[in-house]
Amino acid sequence: MIKSGYLIGGVLLLGVALIGWKVMQPATAPQGHSMAHPDTSAIAEGSPIVEVQLPTELSENASIGKQVFDAKCSECHGVNAAGQNGVAPPLVHIIYEPGHHSDEAFLNAAQNGVGSHHWDFGNMPPVKGLTRAEILYVATYVRELQRENGIN
């Protein structure tokens with residue numbers, strides 16, 4: 001009876017100590033980017049949102065991705081994924097870094113659409129007529145553009 005009381009007391013004490021330790025830890029700043037909607041008020045409607053530096057050469061898969069992007073994505077996301085103010089966001093932006101939006105997130109957005117959550121441009125509808133492979137080629141293209149622009 002006394003041994004089980006010590007065990008229960010020890011577990012409770014350990015729990016309180018862990019909670020206290022967690023509370024005493026300094027708050028860490030969020031990594032990557034803010035979840036606040038980026039301010040695009042100084043950019044003309046329909047204009048590119050970011051300036052994109054192009055790689056001197058794209059890989060074979062990224063070249064295929066660029067062709068698909070130009071045919072299916074650039075109408076909204078702009079030339080070289082620079083976005084279009086009031087239409088759709090740039091994909092060459094820290095918000096879409098691989099650690100926050102995986103290639104699978106691009107796949108899900110293109111296949112199923114996605115609700116507006118980082119920008120004030122409204123929901124993205126699904127993109128009809130794209131295969132999984134084509135979307136992954138687009139993701140490869142976007143990743144190469146991102147790396148060229150310091151987004152890893």
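**Starting in a loop**

Tutor: Alanine 81 is buried, with a relative accessible area of 0%. Keep in mind that this is a predicted model.

Student: Where does alanine 81 lie?

Tutor: Alanine 81 sits in the loop between H3 and H4.

Student: What about phi of alanine 81?

Tutor: Phi is near 60 degrees there, which is a positive value in a residue other than glycine. Most residues other than glycine have a negative phi.

Student: And asparagine 80, what is its phi?

Tutor: Asparagine 80 has a phi of about 55 degrees, positive although the residue is not a glycine. Asparagine 80 is also in the loop between H3 and H4.

Student: Is asparagine 80 buried or exposed?

Tutor: Buried. The relative accessible area of asparagine 80 is 14%, and the cut-off for buried is under 20%.

Student: Now glycine 86. Where is that one?

Tutor: Glycine 86 lies in the loop between H3 and H4. Its relative accessibility is 36%, so glycine 86 counts as partly exposed.

Student: What does glycine 86 touch, leaving aside its neighbours within four places in sequence?

Tutor: Glycine 86 is then in contact with Glu45 and Phe121.

Student: How far apart are glycine 86 and glutamate 45?

Tutor: In sequence, they are 41 residues apart. In space, they are 5.6 Å apart, C-alpha to C-alpha.

Student: Let's zoom out. How many helices and strands does the protein chain have?

Tutor: Five helices and zero strands. Along the sequence, the pattern reads α-α-α-α-α.

Student: How much of the protein chain is buried?

Tutor: Of its 152 residues, 32% count as buried.

Student: And what about contacts between residues at least 6 apart in sequence?

Tutor: Among those contacts in the protein chain, 70% join residues at least 24 apart.

Student: Next, helix packing. How do H4 and H5 pack?

Tutor: Two packed helices are described by the angle between their axes and the distance between the axes. For H4 (residues 103-112) and H5 (residues 132-148), the angle is about 130 degrees and the axes are 9 Å apart. H4 and H5 are therefore oblique to each other.

Student: Is the crossing left-handed or right-handed?

Tutor: H4 passes H5 in a right-handed crossing.

Student: Which residues make the contact?

Tutor: From H4, they are Asp103, Glu104, Phe106, Leu107, Ala110 and Gln111. From H5, they are Arg132, Ile135, Leu136, Ala139, Val142 and Arg143.

Student: How do those residues divide into nonpolar, polar and charged?

Tutor: The contact of H4 with H5 has seven nonpolar residues, one polar and four charged.

Student: New topic: how many aromatic pairs are there?

Tutor: The count comes to three aromatic pairs. One of them joins tyrosine 96 and phenylalanine 106. That pair is tilted, with 6.5 Å centre to centre and 50 degrees between the planes.

Student: Which parts does that pair tie together?

Tutor: Tyrosine 96 lies in the loop between H3 and H4, and phenylalanine 106 in helix H4, so the pair ties together parts that are ten residues apart in sequence. Tyrosine 96 and phenylalanine 106 are both buried.

Student: How do tryptophan 119 and phenylalanine 121 pair up?

Tutor: Tryptophan 119 and phenylalanine 121 form a stacked pair. The centres are 5.8 Å apart, with 15 degrees between the planes.

Student: Buried or exposed, those two?

Tutor: Tryptophan 119 is buried, and phenylalanine 121 is buried too.

Methods:
Residues are numbered from 1 along each chain as its sequence is written. This is a predicted model: local features need pLDDT of at least 70, side-chain atom pairs count only at pLDDT 80 or more; totals for chains, interfaces and linings use all residues. Side-chain values use heavy atoms; hydrogens and water are left out. Axes are lines fitted to C-alpha atoms, for helices over the stretch in contact, and angles run from 0 to 180 degrees between N-to-C directions. Helices (H or I, at least four residues) and strands (E, at least two) are DSSP runs, numbered from the N terminus. Angles under 35 degrees count as roughly parallel, over 145 as roughly antiparallel, 65 to 115 as roughly perpendicular and the rest as oblique. A crossing is left-handed if the near helix is turned anticlockwise from the far one by less than a right angle, and right-handed if clockwise. Contact means heavy atoms within 4.5 Å. Ala, Val, Leu, Ile, Met, Phe, Trp, Tyr, Cys and Pro count as nonpolar, Asp, Glu, Lys and Arg as charged, and the others, Gly among them, as polar. Rings of Phe, Tyr and Trp (its six-membered ring) pair if their centres lie within 6.5 Å; planes under 30 degrees apart count as stacked, over 60 as edge-to-face and the rest as tilted. Buried means under 20% relative accessible area, exposed over 50%, partly exposed in between (1.4 Å probe, protein chains only).
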